[in-house]
Amino acid sequence: MAVSREVFLNAPNKGVLWRKFGSNGTEVVIGTDLAHVITCDHLFLDVAVPESSLESFQIGKPVQYRLIGSTAWLTGHIQAVTGSGNNLQDTTLVAQLQPEKKDARIFVKINAADLDKPQENLCFAGRKVDVKVPREWRPSVWLSRVSSFLV
């Protein structure tokens, strides 16, 4: 019984523990995932945006971002867009935005080569950023926002 209480595993590659499925003392079944380890090969930003502006965020569109504390602006590209109905708290994540009621999310793919030593900095997991997303002038959206104040 003592031998089956704990086991030490070697990760197949170097990375950062992103998700841990289960807690200490949880029984596991052969073949189930125990953890999700991320590598710095697939970095992304998780950005809260107003849901009313979702149509402005198109997959592939460029986004400028800056790590808080840095002066350099870098470029990434929108990889996915999701609405506020998908903002469920995930307790297995190592870092997550605090969801607001009407915030949608965009996921921005960034290039690890643009950052200084991402592997040594835990892939910058949980790091906050400033983001600039170019938006197109859409008179119909502007008019609907102005008219909502007049009612």
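Student: Which residue in S6 is the bridge partner of Ala-48?
Tutor: In this predicted model, Ala-48 has Arg-105 of S6 as its bridge partner.

Student: And how many bridges does strand S3 form with S6, and in which sense?
Tutor: Strand S3, residues 43-50, pairs with S6 over eight bridges, in the antiparallel sense.

Student: What about strand S5 and S6: how many bridges join them?
Tutor: Five bridges join S6 to strand S5, residues 74-82, and the two run antiparallel.

Student: Is S6 largely enclosed or largely open?
Tutor: Strand S6 spans residues 103-110, and six of its eight residues are buried, so the rest of the structure largely encloses it.

Student: Changing topic: where is Gly-22?
Tutor: Gly-22 lies in the loop between strand S1 (16-20) and strand S2 (35-38).

Student: Buried, partly exposed or exposed, and why?
Tutor: Gly-22 counts as partly exposed because its relative accessibility is 44%, whereas a residue must be under 20% to be buried and over 50% to be exposed.

Student: Last point: where is confidence lowest, and where highest?
Tutor: Helix H1 (residues 139-150) is lowest, with a mean pLDDT of 69, and strand S4 (residues 62-67) is highest, at 93. For the protein, the mean pLDDT is 78, with 79% of residues reaching 70 or more. Where pLDDT is low, the predicted coordinates should not be read in detail.

Notes
Residues are numbered from 1 along each chain as its sequence is written. This is a predicted model: local features need pLDDT of at least 70, side-chain atom pairs count only at pLDDT 80 or more; totals for chains, interfaces and linings use all residues. Side-chain values use heavy atoms; hydrogens and water are left out. pLDDT is the predictor's confidence in each residue, from 0 to 100. Helices (H or I, at least four residues) and strands (E, at least two) are DSSP runs, numbered from the N terminus. Buried means under 20% relative accessible area, exposed over 50%, partly exposed in between (1.4 Å probe, protein chains only). Two strands pair if DSSP finds at least two bridges between them.
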